[in-house]
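I opened my notebook to look up a few things in this model. Here is what I wrote down as I went.

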Amino acid sequence: HGSVSADEAARTAPFHLDLWFYFTLQNWVLDFGRPIAMLVFPLEWFPLNKPSVGDYFHMAYNVITPFLLLKIDSFELLYYYDEYLGHCMWYIPFFLILFMYFSGCFTACKAERWMPGPALLLVAPSGLYYWYLVTEGQIFILFIFTFFAMLALVLHQKRKRLFLDSNGLFLFSSFTLTLLLVALWVAWLWNDPVLRKKYPGVIYVPEPWAFYTLHVSSRH
C-alpha cells in the first residue's frame, strides 16, 4: 500500500533503552565481572562440593537473560528457543550421554547379569517418564535412533561374550518399555481426527497435554 515514511518507521522501531541498558549492565557485572569476583572472594569460602562465586554469577546470567527479553515483544522468539532450539540443545546431549553411559554397562561376569529388586521396581516409572519425554518433547526420532543404537551395541557386544550388567539392563528395559508405551499411545489415538489435524506429519506422536487440552479440559 505504498512506501513507509521515515517518521512511521521511526515510530514503529523505537530504541529499547531499558533492554540494552540492562543487557550491557548484566554483561559487565555477571560476565566480565565473574573472574574478578573469583579473585576478590577467596576460594576457601566455597567448598569444593559447592558452587563457587563464578558459578553463581553464571547461573544468575542464564536466569536473568530470558526475563530481560520479556521487556520487549519477544515471546515468540523465546517460545521458539524453548520448544525447538532449546529441545535440541538439551535432548541431543542428554541421549548422547545416556548412550555413552550405556556403552560402559557390559560385563563378562554372569553374576552381574541380572537386575536387583529395586531396579525392577524402578523400570515402570522410568519407562513411563521417558514415554512422557518422547511424546511431550516430540523427540521420537532421537529416541528411536538411540534405542536402535543401543540394540546394535548389545548385539555387537554379544559376539564378544559381553552382556549387559544390572545398570545396562535397567536402562535398556526402561527404553523398551518406553517404546511399547509410545506404540500403544499412537495406536490408541491413530484415528483421532482432531489430533490428526494437529499433527499432520509422517511421524504421528501426539503430545499428552494436547490430548488433555482437546479432549479432557474442553469437557469441563
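I began with residues 138-156: this stretch is 89% helix and 0% strand, and its end C-alpha atoms are 29 Å apart. I kept in mind that the model is predicted.

I then looked up residues 114-132, where the chain is 84% helix and 0% strand. The C-alpha atoms at the ends of that span lie 27 Å apart. I checked the UniProt record, an unreviewed entry, and it lists 84-102, 114-132, 138-156 and 168-190 under "transmembrane region".

Next I picked Leu 171, which sits in helix H7 (residues 166-188). Is Leu 171 buried or exposed? Its relative accessibility is 6%, so I noted Leu 171 as buried, the cut-off being under 20%. Leaving out residues up to four places away in sequence, I found that Leu 171 touches Leu 98, Tyr 101, Phe 102, Tyr 130 and Met 150. Phe 102 is 69 residues from Leu 171 along the chain, yet I read a C-alpha separation of 7.5 Å for the pair.

I moved on to helix H9 (residues 208-216) and found Pro 208, Ala 210, Phe 211 and His 215 buried there. Looking down the axis of H9, I saw that its buried residues fall within an arc of 155 degrees, so they line one face of the helix. What do they pack against? I noted helix H5 (117-137), H7 and helix H8 (193-198) as the partners of the buried residues of H9.

Last, I turned to the surface. A nonpolar patch there includes Phe 21, Trp 28, Phe 32 and Trp 45, and its members together have about 1200 Å² of accessible area. I placed Phe 21 in helix H2 (residues 17-40).

Terms used: Residues are numbered from 1 along each chain as its sequence is written. This is a predicted model: local features need pLDDT of at least 70, side-chain atom pairs count only at pLDDT 80 or more; totals for chains, interfaces and linings use all residues. Side-chain values use heavy atoms; hydrogens and water are left out. Helices (H or I, at least four residues) and strands (E, at least two) are DSSP runs, numbered from the N terminus. Buried means under 20% relative accessible area, exposed over 50%, partly exposed in between (1.4 Å probe, protein chains only). Contact means heavy atoms within 4.5 Å. The arc is that of the directions from the helix axis to the C-beta atoms. Patches are made of residues with over 30% relative accessible area and no salt bridge: like charges are joined within 9 Å, nonpolar side chains (Val, Leu, Ile, Met, Phe, Trp, Tyr) within 5 Å. Accessible areas come from the Shrake-Rupley method with a 1.4 Å probe; for residues, only the protein chains shown count as cover. A salt bridge is a side-chain nitrogen of Lys or Arg within 4 Å of a carboxyl oxygen of Asp or Glu. UniProt positions are given in the numbering used here, feature names are shortened, and annotations may be inferred rather than shown by experiment.
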